[in-house]
Amino acid sequence: MLVKEYLKDLSLPAFGESIIGKFDNNLTKNARKNHDPIGERIKVSGKVMDEDGRPLRNVLIEIWQANSAGRYIHKEEIHDAPLDPNFLGAGRMLTDNEGKYMFYTIKPGAYPWGNHFNAWRPNHIHFSVMGHQIGHRLVTQMYFPGDPLFEFDPIFQSVPVHARELLIAKFRMDWTDPEFALAYEFNIILNGKSKTPFE
Amino acid sequence: MMKKLRQTPSQTIGPFFAYSLTAEQYGYNFNSIVNGSLTDDTAEGKKIFIKGNIFDGDGNAIHDAMIELWQADANGNYQNHFSSNNFKGFGRLGTGTTSDKSFTFKTIKPGSVANHAPHINVIIFMRGSLHALHTRIYFDDEQNEEDTLYNSVDAERRKTLIAIRNEEDGKVMYHFDIYMQGENETVFFEI
């Protein structure tokens, strides 16, 4: 297709380490005021790769999420759950030379969102990913394994059945920080040419 | 041949991205690495502003969309290394901080790149969309007919890609509205 020929190879800007602050990838610290945020501390890490499994370095990953009570700090949020003065819920980092990234955060809570009666979102973290080509610009959501809300959530269900597993992080006991934080693995595959079919 | 890995599916950006992706614009206590200025005042080229709205199918301005611009500099070169350069070429705004839900970017009029007329790449995310939407801004005072991509669009729909030049308070302001649906639906490109 003509359009693809013109656009698919357009590079996106490459960001350098200098834009990332010391605690940008640690959501348990980057809004800390007087003590650590409440909730279950976790580590979310993984690799960004192309469809051939080649690691993509210097990819900008930005995340946002609800706090452990299922409350977003966003001003339009109306769910009656407490804010946490020590938690913002935003973070970012760049992948390293092996395509790897890692965040410390608090496991987000589920929350009702008013889409239909008693509609609850499964626990999730929003990801914005900016790779090297314009087709590498991805916004998605990461879910946690075994969430009982999957079958009730139209946003999760908007992904074709065969591709849903790609949005669910894997629990990695072997990646935990012993006595400190449980670990989840979430790998991201970028490719502008073979998008998941939606229709 | 090795089996290809499957691409991570896209999901909606949802309504709550602002405190991470456009935090400073919305007044959250988290610094932003990109914003509505693609340039500072010292960069070479003609300083312009790009202003517009994103409209839904009922003609209402969408208040929780995010729009990104990516363009070449005045000489037609992309600044591929984003840093503290005076010209960055990449910008990002949400549509939720002005009373009329408009966005206004400050930039430099791009030069033409290879065989393309001067243009700006646009990426849009919004709650109502499952994936990124891609379009382009061309300018009403350029020779767009010489641009192959522009010409590949149906003639009657090309106008949805054209920003209209105005002068406001001595500033050069190009107006570019985006229509998600309806009679004037913007041309979106498949990447």
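Strands here are DSSP E runs of at least two residues, helices are H or I runs of at least four, and both are numbered from the N terminus.

A note on the source: this is a predicted model, in which local features need pLDDT of at least 70, side-chain atom pairs count only at pLDDT 80 or more, and totals for chains, interfaces and linings use all residues. Residues are numbered from 1 along each chain as its sequence is written, while chains are lettered from A and ligands numbered from 1 in the order in which they are written.

Next I widened the view in chain B. Strand 1 (residues 47-52) runs antiparallel to strand 6, and six bridges join them. Eight strands make an open, mixed sheet in the order 5-3-7-8-9-10-1-6; two strands pair if DSSP finds at least two bridges between them. Strand 5 (90-94) and strand 6 (103-108) are at the edges with a single partner strand each, so one side of each has no neighbour in the sheet.

Then I turned to chain A. I found two helices and 12 strands there. I also looked up its C-alpha trace, which spans about 50 × 40 × 35 Å along the principal axes.

Last, I checked confidence, or pLDDT, the predictor's score for each residue from 0 to 100. Chain A has a mean of 92, with 93% of its residues at 70 or more. Where is pLDDT under 50 in chain A? I found that stretch at residues 194-199. My reminder to myself: where pLDDT is low, the predicted coordinates should not be read in detail.

Definitions and conventions:
Two residues are in contact if their C-beta atoms, placed from the backbone, lie within 7 Å.
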